[in-house]
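This report describes a predicted protein model. The sequence and the structure are shown below.

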Amino acid sequence: PPRIGVISNVTGKLAGPELATPAYWRRHLREAVRFADAIATLHAEKIRVFVEVGPSPTLLRMAQRCPGGADAAWLPSLRKDAPDSQ
């Protein structure tokens, strides 16, 4: 089970012990991603700094358009046009 809070893209809410089950991950593969709901949950929890971990900061632009998105800092971890060490 998770030891830190994880917002589920299946429900858009804080995940519980179901996160450690095969049934949850089956749902994750088959159901729509509730990205805006997840960002709204984080905003409600007063989270205001986000880091996108990945090779291209594509989700940051989407997240900035979600309700509350303008009130947060959005940081990419990597960029295609810059060396990873930067």
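## Helix H2

Lysine 46, which follows H2, has a positive phi, near 70°. Helices (H or I, at least four residues) and strands (E, at least two) are DSSP runs, numbered from the N terminus.

## Largest pocket

The largest pocket has a volume of about 330 Å³. On a 1 Å grid over the protein atoms alone, a pocket is an open set of points where a 1.4 Å probe fits, with protein on both sides within 12 Å along at least five of seven lines; lining residues have an atom within 4 Å of a point. The volume is the space filled by probe spheres set on the points.

Of the 15 lining residues, Phe35, Ile39, Leu42, Phe50 and Leu59 are the closest to the centre. Helix H2 (35-44), strand S1 (49-52) and helix H3 (58-64) each give two or more residues to the lining, and H2 provides the largest share, four residues.

## Confidence and conventions

Mean pLDDT (the predictor's confidence in each residue, from 0 to 100) is 89 for the protein, and 99% of its residues reach 70 or more.

Residues are numbered from 1 along each chain as its sequence is written, and side-chain values use heavy atoms, without hydrogens and water. In this predicted model, local features need pLDDT of at least 70 and side-chain atom pairs count only at pLDDT 80 or more, while totals for chains, interfaces and linings use all residues.
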